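Work through these exercises with the structure in view. Try each task before you read its solution.

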Amino acid sequence: MKYDKNVYRSLMMITQFGLNMLVPIFACAFLGMFLDKKLGTSFFTVIFFFIGALAGFRNVYLFAKKIYQDKEKPDEKTKRNK
């Protein structure tokens, strides 16, 4: 059985989108919980969660932008050669 490389690329991109979104959210949320525990407060977790969400959205945006630009490059090369 021959597997299509496009299927693996698609799965890789979906995984990358998920990791780009989840890692900053969890890292910032845990940092917020750590600060709340050390300082005896209860608001850093929420603030850092939203900072992580914004960072995750930014990562996904930049990744999608890079993929879109990479797909355009071969077209630009063929236009220049004509």
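Buried means under 20% relative accessible area, exposed means over 50%, and partly exposed lies in between (1.4 Å probe, protein chains only). The model is predicted: local features need pLDDT of at least 70, side-chain atom pairs count only at pLDDT 80 or more, and totals for chains, interfaces and linings use all residues. Residues are numbered from 1 along each chain as its sequence is written, and side-chain values use heavy atoms, with hydrogens and water left out.

**Exercise 1.** Classify F17 and F63 as buried, partly exposed or exposed.

Solution. Start with F17. Its relative accessibility is 27%, so F17 is partly exposed. Now take F63. Its relative accessible area is 18%, so F63 is buried.

**Exercise 2.** Find how many aromatic pairs the structure holds, then classify the pair F17 and F63.

Solution. Rings of Phe, Tyr and Trp (its six-membered ring) pair if their centres lie within 6.5 Å; planes under 30 degrees apart are stacked, over 60 edge-to-face, the rest tilted. The structure holds five aromatic pairs. For F17 and F63, the centres are 5.0 Å apart and the planes stand at 80 degrees, so this pair is edge-to-face. The pair links distant parts of the chain: F17 is in helix α1 and F63 in helix α2, 46 residues apart. Helices here are DSSP runs (H or I, at least four residues), numbered from the N terminus.

**Exercise 3.** Classify the pair F44 and F48.

Solution. The ring centres of F44 and F48 are 6.2 Å apart and the planes are at 50 degrees, so the pair is tilted. Both residues lie in helix α2, four residues apart, about one turn of the helix. F44, at 21% relative accessibility, is partly exposed. F48, at 18%, is buried. Together, F43, F44 and F48 form one aromatic cluster.

How values were computed. Helices (H or I, at least four residues) and strands (E, at least two) are DSSP runs, numbered from the N terminus.
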